[in-house]
Amino acid sequence: MGKRIIYSFLTFLLVTIIIFIFFQFIPGDPVLSKIGLEPDPALEAILRAEFGLDRPLPERYLRWLGNLARLDMGTSIRFNQPVNKLIAARLPNTVALAVLSFILVAAAGIPLGILAAKLNDTKAGTLFNAITQIGIAIPAFFFAMILIIIVSIKLKLVPVTAYVPMSKGFFPFLRGMLLPAIAVSFSGISITVRYVRNSIIEELESNYVLAAKNKGVKSGDILYKHVLRNAMIPIVTILGMIFVSIVTGSIVIETVFSIPGIGSLLIAAIKTSDLPLTQGICVYISIVVIFAYLLLDIIYMLIDPRIRLKE
Amino acid sequence: MKKAFQNRNLLVGSILVCFLLLVTLAGIFYTPYAPNAIDPNALLEGPSIKHWGGTDKLGRDILSRTMVAGQSAFLMGLITVSSSMFTGVFFALLAGYFQGGLGNLIMRFTDAFKSIPSLLFAMMVAAILGRSFASTAFAISMILIPQFVRMTRAVVIKIKENEYIQWTKLVGLGSIRIMFLHILPNVMSTVIITASLAFAEAVLTEAALSYLGLGIQPPDPSWGQMLSQGQSALRVSPWGVLLPGTMITMLVLGFNLLGDGLSELLNARTAKPE
Amino acid sequence: MLKVDKLNVSIKMNKGLYPVLEDVSFSVARGDTLGIVGESGCGKSMTAMALMGLLRKNIKIVSGQINFDGMDLAAFSQKQYEQIRGKRLSMIFQDSMSSLNPLMKAGKQIGEAYQIHFGLSGDALDSKILESLNSVGFTNPEETRSKYPHQLSGGQRQRVMIAMAIAGNPELLIADEPTTALDVTSQNKILTLIKNIQAASALAIIIISHDITVISQTCSHVCVMYSGWIVEHGKTKDIISNPKHPYAEALIAAIPNAKAKDKELGVIKGNVPSLLQRPKEGCVFAERCKYRMPECSGEIGNFVLKDGRTVRCILYRHKDGGKEQ
């Protein structure tokens, strides 16, 4: 476990280095752009010192990292506000969307995967397979538009821009989040269904299933008492992938449904060349992802006694 | 060959990809209308005999635009997959052949890079290098490298243990020679499978970036862009998004199926030499 | 109590039907032990699975009867099998590591059988689990019950599996290579354990092994199998001292080499043909047989010799009092 945490920390350092170095390649000079085309050399020097740009690269990296540790990610040029405040303000919407999507993936993906495994070798099973393949292939934003066309425009169940701020009540907010969450989670559900299905089919072939039948366990009970838990172990390894698909999915889907979250903030930042804000959000999301991977590895250790032993 | 036709994934995948490729290639020589021709008398029309895919809010023919946009998608896929394939396989050979110091360093970087979500990375590149076809191509190439490294390296390590390769070492062949003449041909099937799946990811990422306005910029047409334009008129003309959206889905589906089918076919072959 | 009569099993593959067991017949009486011996791939485990109703989906019983206490198991549905598996007939599997659920503690896996067959729960179940672990030779059952399979040694896992298999007091127990993965000491312990269980409950046992020495230590009767046929069936001591079928002869001749584990049966030229390459007509052993003659490619029946054993070889048409069955 300790080794895993150190490994995550190393990954974190490497990621910050990659991002930091990347943002050093910006064409154009932030100082020059601030003071105009005909700079006063004295002013320029003062500003450079103020930004710390006169220091060597490693020192600047360490200082940036130190600031990061204090949650100081600089100031947004466009909003003229601290980056961390801007992120914090938008965070609840994004977290709500992601959590809701994750719940949908688990609540729909696992039972549907079990169903798909039961339907294996039937026509319905083949159809199921085809739908999940399409679910993986279809871009989330296109699927979202199809949802809008059907649910909002044709059936008129919810308004097209359904976003309602949380301040107007939790349930209206949740209702507005539902369609976006379905759009975000569709590919995750498809991936989960496929993995659960394949994993169960594979486990059903194992010898312990024969041994359980031999013991007298009814075939209906074998799936739930013996196979399911074994089949779930490989699923944990794809949860990371699903988490990433949800995070990137929400970035795009927030734009489709005009939800003021981190994703739409990031796109606004990029389009207005607001580099501190862009950098801040990128680092922030990367950290969340690394942390999620670490958490998943720990869960993995907890449910599989064989790994617990090795540690 | 007979087996290739029996594999449903492979069959459906190649049919989809070939069909879309044909439509796209046809677009170089013929489109029903000039893709940028504006027709003020036919704004936001649904599908009709005149305009099979309908028209957008400037009255441009959606089918023609979709065909031309396909060129961007294929070109983007071709450029990014080939460049990331060369770089990725090169690093994979190094990382697999020199396990330990250099290999570990490459893998650490690959792992770290992988924990930046790929779309996020592409957006970062768009922020720094600007929004254009070239910067999108660069971003997607970078994104695709890690999977080539990971997949290929695993095979390289397995092959390296083969008696045959051990023997070439004993004979005194140089590392570079062994890597490129003896190991490389044996990893090709893995590389081809990875390339097919990577193509699907390239198409999907390009579409998302262009949709967000961070990828291919007008006047160059792209499916993502067409979706974003169609979305603004979704209420009036829901048809506008259907054609480009279906094209993306079909192309991604095609390459995914192709990759799955190839891996079933090639892995079965390596598992059971006949 | 168990009488298998002309059992034929086929495997469905690439739309073709390939026979894998042909006219397999044998019987076991209460309190008796029958051995089935042969090289791997000869159909020993397939026979066991057919008896237990555990054949994979694409493998089917084509004809023949499995008469168990007046019931024909060959015609049983899975539902009917569920009523008798574990309770009346049971099996110990080859590979104890993969045959135990890796995520379930040993005690719970044994307890499940008692739950199913006796409806036990709570304290009654707990004490039954401890008792059963104790009876298969665990000196510290409290500790063993809370261990996962991977925390046990091969011999210990085999004991857990035996405890699981006999929990329902079956009348027939099939042991498929019960000692193959074990060292000599654990091997003897497991065989003794099986014998003791048999002595206590007049259990009928079928022991399947590639190792004729294991069979000779435990079984009164033996079937020698080759490529889906029972080539010779009779008293163990008769067959070991004087094998009749050319394959049995070669098998017995190979015993001194059996200690060198990998080379067992190496003296017989060639290999057991794979399922798909079995000869469609004539004797399955003809290709490797040193007595081969033209008649071997015709139909080969079973010949009962005057000492009571059955041999499936054309040589015994008129020899040793051989009479076609």
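User: What makes the angle between α3 (residues 62–97) and α8 (residues 175–211) of chain B roughly 145°?

Analyst: Axes here are lines fitted to C-alpha atoms over the stretch in contact, and angles run from 0 to 180 degrees between N-to-C directions. By that rule the two axes cross at roughly 145° and come within 7 Å. Helices are DSSP runs (H or I, at least four residues) numbered from the N terminus. By the way, this is a predicted model, where local features need pLDDT of at least 70, side-chain atom pairs count only at pLDDT 80 or more, and totals for chains, interfaces and linings use all residues. Residues are numbered from 1 along each chain as its sequence is written, with chains lettered from A and ligands numbered from 1 in the order in which they are written.

User: Why is the crossing of α3(B) and α8(B) called right-handed?

Analyst: A crossing is right-handed if the near helix is turned clockwise from the far one by less than a right angle, and left-handed if anticlockwise. α3(B) passes α8(B) in the right-handed way.

User: How do you know which residues make the contact of α3(B) with α8(B)?

Analyst: Two residues are in contact if their C-beta atoms, placed from the backbone, lie within 7 Å. Those that pass include B:A73 and B:M76 of α3(B), plus B:S175 and B:M179 of α8(B).

User: What makes residues of that contact nonpolar, polar or charged?

Analyst: Ala, Val, Leu, Ile, Met, Phe, Trp, Tyr, Cys and Pro count as nonpolar, Asp, Glu, Lys and Arg as charged, and the others, Gly among them, as polar. That sorts the contact into 16 nonpolar, 4 polar and 1 charged.

User: How many residues of chain A are in contact with chain B?

Analyst: 39, against 35 residues of chain B. The largest share of chain A's side, 8 residues, comes from α12(A).

Methods
Helix = DSSP H or I, 4+ residues; strand = E, 2+ residues; numbered from the N terminus.
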